[in-house]
Structures are given as structure tokens and as C-alpha cells.
Amino acid sequence: MLELDSHPRGRHFLQIPGPSPVPERILRALSQPTIDHRGPEFGALGLKVVGGMRKIFQTSQPVIVYPASGTGAWEAALVNTLSPGDRVLMYETGHFASLWAKLATRLSLEVECVTSTGSDPVLPHAPGWRRPVDPRQIEERLRRDGSHRIKAVCVVHNETSTGVTSSIASIRAALHAAKHPALLMVDTISGLASADYRHDEWGVDVSVGGSQKGLMLPPGIAFNAVSQRALEAAKTATLPRSFWSWDEMLESNRTGYFPFTPNTNLLYGLSESIDMLLAEGLDNVFRRHERWGAGVRAAVGAWGLPIQCADPAAYSPVVTGVILPEEVDADALRQLILQRFDLSLGMGLGKLKGRMFRIGHLGDSNDLTLLAAIAGCEMGLKLSGVALAGSGVQAAMDHFASR
Ligand code: PLP
């Protein structure tokens with residue numbers, strides 16, 4: 001039998017940038033008896049979560065809830081709005097932006113990727129993975145597309161692989177400035193309910209979300225928030241779609257139901273998560289994550305190690321990437337920290353494999369659990385022979401105590 005519950009004592013520190021630690025209140029909600037998904041009780045639950053998610057996305061437009069991981073909602077955004085051979089402009093900020101581009105290519109879309117230009121002395125092989133989307137590059141490319149071949153611009157709001165957040169309002173402004181009709185699609189899988197996100201105000205056409213990050217749920221629910229323009233585009237889009245099709249979903253959702261069997265128990269959890277987040281107030285939720293991010297960055301600064309995000313204006317409130325000296329194997333360090341201190345850290349993905357680790361600061365956390373996670377990192381770094389400039393734990397304690 002698999003020994004999945006083999007933590008020796010105390011609680012495991014799940015400090016990856018999602019799935020995030022799930023609050024007990026949500027775990028209890030998940031454990032309610034499963035109900036008939038076509039019965040009267042379910043309709044009320046369905047209406048509640050669909051309506052509640054509009055508040056979380058800060059939209060008055062439809063939100064579609066899929067029993068899927070975030071990757072499914074990426075696919076749903078594209079297949080509902082585009083046709084084979086359509087050109088999409090994607091901006092490579094990191095591993096997840098590249099994966100979305102790969103998925104689009106597999107769907108027979110013509111993908112054009114741009115990335116941040118310039119060199120980087122710390123990570124010369126991946127300079128674009130330290131910076132946010134530069135809206136000027138998008139504007140410049142769209143201005144050259146006089147025949148409007150580009151049908152969609154796709155960006156990642158919070159790039160989980162790097163800890164870099166991009167300004168969606170500025171990207172929307174770039175589309176306006178270029179007077180280009182392309183749809184704006186945004187992956188906010190790790191931004192939603194942690195970093196400020198405004199689907200309507202920022203004029204996003206399709207927002208893609210997931211359950212396992214700021215919503216503090218296990219993986220298994222994914223979302224598309226859609227604009228009227230996206231719904232219009234869906235009327236003529238010809239990419240094949242069935243399970244992901246918005247039309248039947250929206251029809252069933254009117255009365256709180258789904259065209260197929262939804263993940264009933266996870267939706268109990270989603271209902272609880274929405275209650276918790278709205279009771280706290282979204283602005284407070286965003287402030288809480290900003291505060292945690294600043295505390296973790298104070299620790300990394302005290303260690304004297306470079307933060308993956310090279311632009312302080314784009315620091316993620318959700319995850320901080322820490323670059324290690326070239327001679328240190330980041331994966332060996334993470335393994336040591338897991339074995340010795342029962343602390344899981346995010347690995348370097350794609351071009352960053354082995355060069356960095358990521359500390360997630362989201363989900364069911366608080367100042368003290370974060371301090372413990374920082375202590376685990378600091379002990380692991382010392383045990384691995386990494387020369388540290390000072391104590392990150394002390395810096396983070398000072399940060400949290402003074403605010
Ligand atoms: N996009 C971002 C920004 C992510 O962080 C992730 C997963 O971590 C994904 C997409 C893919 O989502 P999933 O693994 O739930 O399919």
C-alpha cells in the first residue's frame with residue numbers, strides 16, 4: 001500500500017505555490033455526504049458558487065465552473081473562441097506561459113511568442129523569466145498587424161514558475177492604444193483570490209482560474225470568466241469542442257445545474273471558500289498576501305540570495321523564487337529540506353530546473369507558519385553549505401513584528 005500519510009509528527013509544511021494548505025473549515029465542508037446532483041439541494045449550491053465566483057473574479061459576467069485542473073480551463077478558453085489556424089500572440093514569462101503556448105499549438109492554432117528582450121547576468125539563459133509582460137512589445141506587435149490576423153493575446157497574470165506578476169490593466173491599455181480587436185485572455189490560476197484581479201475593470205475577455213491556489217481548495221475545479229465579446233466569438237469559433245463547450249454549461253447553470261456530473265463535494269468546499277474570502281473582504285485578502293510576500297522577500301534579501309523576479313514592481317504576492325549559486329543543486333537542497341524538516345518547496349521548472357526553489361505564501365498560512373517555513377529553508381541552506389549573508393528568519397521576524 002502507498003504510504004501517503006507517513007508524516008512522522010506535527011504537520012507537514014506544504015509551502016509550494018499551489019496546491020496550497022486547505023483550512024480545516026473547508027476540509028470539513030468537503031466531507032459532507034455526497035448529494036444528488038440533479039436534486040433540489042444541488043441547484044441551490046450550484047447557483048451559490050457560480051454567483052459567488054463572479055464576485056471573486058470581480059465581474060458581473062458569466063463564470064463557468066469545470067470539474068478539471070487549470071489546464072482544462074486553458075483549453076476551454078481557446079476552443080470556445082478560436083478557429084483552426086487562428087493566430088494567437090502569447091507572451092513567454094515563464095514555464096506556465098510556455099505550456100499554454102504548447103497547448104495552443106497542439107490545438108492547431110498559429111502561435112507567435114514574444115518575450116522580454118535584454119540580457120541578464122544572473123540567469124543569462126532565461127532573461128525573460130525574470131520580468132513581467134512588457135505591454136509596449138504587445139502594442140508594437142499589434143500595430144504591425146494591420147489586417148488583424150491576431151485573434152487573441154494570451155498572458156499569465158501571476159507566473160507561478162517565477163514569482164512575477166504582470167499588469168493586466170497595462171496590457172489592456174496596449175490593445176486599446178493599438179486599436180486592435182484581438183481578445184484578451186488571461187491565466188490567473190495562481191493570481192485569483194491572492195493578487196488583485198479585476199475581470200471587468202481590466203477588460204479581460206476570458207480569465208482562466210483554478211481551485212488549488214488562493215481559493216484554498218484541493219485541485220479539481222477550474223474556471224473561465226467570460227466577456228460578452230468572448231461569447232460573441234464563441235458563436236463563430238470552429239475549433240472542435242464538446243465537454244468544454246460554454247453554451248450547454250451556461251444553459252444548465254441558469255438553474256444551478258450542470259450538463260454532466262459536477263464534482264459535488266469540491267463545490268461544497270468552493271462554497272465555503274467563497275464565504276471565507278468574501279467575509280474577509282477581497283482587499284484584505286490581497287493585503288494579507290502582499291504582507292506575506294514582503295516578509296519572505298525580507299528573508300531572502302537577508303540571506304543575500306537573488307530573487308527570481310528582477311523587477312520589484314512585479315514581485316508576486318503569492319510565490320517568491322530564490323536563485324541559488326550555480327554550484328548548488330536546488331533539487332538536492334529541496335530534497336534535504338523535505339527529509340529533515342518535512343517542508344515541501346516548489347521546484348525550478350523548465351529552464352529553471354535545479355537553479356532555484358520557490359516558496360509559496362498563499363492558502364491557509366499565517367506569520368508563524370511562514371516563519372517556520374523560512375527557518376526550514378535557512379537550516380537547509382546552511383546544511384547544504386550555501387554561504388548566507390545573514391539570518392532570513394530574523395529579518396522576517398522583524399518584518400512581521402513591525403507591521
Ligand atoms: N497556469 C499557472 C499559472 C499555474 O500555476 C498552473 C499550475 O500550477 C497551471 C497553469 C496549470 O494548472 P493545472 O496544473 O491545475 O492544470
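Is phenylalanine 243 buried, partly exposed or exposed, and what is its relative accessible area? Phenylalanine 243 is partly exposed, with a relative accessible area of 37%, where buried means under 20%, exposed over 50% and partly exposed in between, calculated with a 1.4 Å probe on protein chains only.

The model is a predicted one, in which local features need pLDDT of at least 70 and side-chain atom pairs count only at pLDDT 80 or more, while totals for chains, interfaces and linings use all residues. Residues are numbered from 1 along each chain as its sequence is written, and side-chain values use heavy atoms, with hydrogens and water left out.

Across the whole structure, a search finds 10 aromatic pairs; rings of Phe, Tyr and Trp (its six-membered ring) pair if their centres lie within 6.5 Å, and planes under 30 degrees apart count as stacked, over 60 as edge-to-face and the rest as tilted. One of these pairs joins phenylalanine 57 to phenylalanine 223 in an edge-to-face arrangement, at 6.1 Å centre to centre and with 70° between the planes. Phenylalanine 57 is buried, with a relative accessible area of 0%, and phenylalanine 223 is likewise buried at 0%. Ring pairs also link Phe57 and Phe223 with Tyr197 and Trp202 into a cluster.

Phenylalanine 243 has phenylalanine 260 as a ring partner, and because their centres are 4.7 Å apart and their planes at 20°, the pair is stacked.

A charged group meets a ring elsewhere: the charged end of arginine 11 sits over the ring of phenylalanine 13, 4.5 Å from its centre, a contact that requires NZ of Lys or CZ of Arg to be within 6 Å of the ring centre and within 35 degrees of the ring normal.
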